[in-house]
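Have the structure open and follow along.

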Amino acid sequence: MWNDQSVVGGGFFNSPNQFGNATTPNQPQKTTRRASRTAPIVIRQALHSNDDGFKIWGTEIQIVSLIARVRNIRMQSTKITYTIQDITGRMRAVLWLDQEAMDEDDKSSPKVHVNDYIQIFGNLKTNKGKKVLMVFKIMPVNDANAITFHYLQCINNRFKMEADSKKEKVTNNNTTTGNSLPANSMIGMNNTASVNGLNPRQMMVFNLIRASTVEQGISKQDMHATLKEHMALAEFENILEWLCGEGHIYSTIDEEHFRATDAL
């Protein structure tokens with residue numbers, strides 16, 4: 001199969017229509033937004049979601065779509081538990097089996113194996129403090145382009161929902177100042193909001209990561225060495241965590257190296 005990190009940066013889309021199931025919500029409501037049907041995400045977003053429901057820029061998402069690699073399969077009489085992994089993290093996914101269908105034939109269990117890539121649809125639950133994906137549907141992925149396409153969908157969807165969120169706030173507040181913070185943000189902003197909805201402190205870290213031209217990105221150690229005169233380590237780490245959770249950056253060769261998503 002393919003290396004997880006090597007497929008993020010390239011690839012051409014032979015048949016984009018085959019990935020049309022991961023739709024992008026694009027119509028914000030005038031009041032509280034209704035839950036979107038389906039949105040493509042990466043595992044890190046799932047792991048950092050709140051217990052009261054998964055949201056992207058304030059919009060609740062009922063069904064998420066992931067493309068990941070199967071790292072472990074545990075078969076039980078009533079369910080199958082998969083350990084899945086993408087370039088951003090690892091989590092469990094649980095498929096409850098249809099007992100009647102199993103009694104009739106053996107088609108209720110997906111034909112996937114360890115190290116296979118799969119596209120998986122489900123909703124997020126919290127079990128004993130850990131995020132678990134409750135699976136609705138699993139499909140094998142046989143084209144490397146599908147992996148690249150999924151990551152591009154995640155980036156596009158995040159920016160699109162960010163833009164929709166800002167438009168909605170402007171409409172509701174009858175103002176054009178974009179200093180409101182989306183509901184799923186983790187730290188505060190001041191009144192000098194900047195590019196991509198980041199405040200100046202966040203932009204300082206983000207621009208440093210975005211300026212890196214090496215394939216593996218910039219290391220956390222090098223970033224802090226550059227920024228230590230401007231911010232404390234705790235603030236730097238909080239900003240780094242927030243940028244990852246919001247999809248502005250992602251880890252590359254390990255959890256200590258980062259690249260900006262718009263650098264893909």
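## Where α4 meets α6

On the α4 side, R201, Q202, V205, F206 and I209 are in contact with E235, F236, I239, L240, W242 and L243 of α6, where contact means heavy atoms within 4.5 Å. Helices here are DSSP runs of H or I with at least four residues, strands are runs of E with at least two, and both are numbered from the N terminus.

Before going further, some ground rules: this is a predicted model, with local features needing pLDDT of at least 70, side-chain atom pairs counting only at pLDDT 80 or more, and totals for chains, interfaces and linings using all residues. Numbering starts from 1 along each chain as its sequence is written, and side-chain values use heavy atoms, with hydrogens and water left out.

How do the two helices cross? The axes of α4 and α6 come within 10 Å, at roughly 70°. That makes α4 roughly perpendicular to α6, a label for angles of 65 to 115 degrees; under 35 is roughly parallel, over 145 roughly antiparallel and the rest oblique. The axes are lines fitted to C-alpha atoms, for helices over the stretch in contact, and the angles run from 0 to 180 degrees between N-to-C directions.

## The buried side of α4

Helix α4 spans residues 200–210, and its buried residues are Q202, M203, V205, F206 and I209. They all sit on the same side of α4, because they cover an arc of only 165° around the axis, taken from the directions from the helix axis to the C-beta atoms. Buried means under 20% relative accessible area, exposed over 50% and partly exposed in between, with a 1.4 Å probe and protein chains only.

What covers that side? The cover includes β8 (218–219), α5 (220–227), α6 (233–245), β9 (249–251) and β10 (257–260). At the N-terminal end, N199 caps α4, with a side-chain oxygen 3.0 Å from the backbone nitrogen of R201.

## α5 against α6

Helix α6 also meets α5: K220, M223, H224 and L227 in α5 touch L233, F236, E237 and L240 in α6. Their axes come within 11 Å and cross at roughly 130°, so α5 and α6 are oblique to each other.

## Elsewhere and overall

N157 belongs to helix α3 (residues 144–173) and counts as buried at 1% relative accessibility. Its C-alpha is 9.1 Å from that of I56, 101 residues apart along the chain.

Zooming out, the protein has 6 helices and 10 strands, and 44% of its 264 residues are buried.

Methods
Polar contact = N/O pair within 3.5 Å; in protein donor to acceptor, adjacent residues only side chain to side chain.
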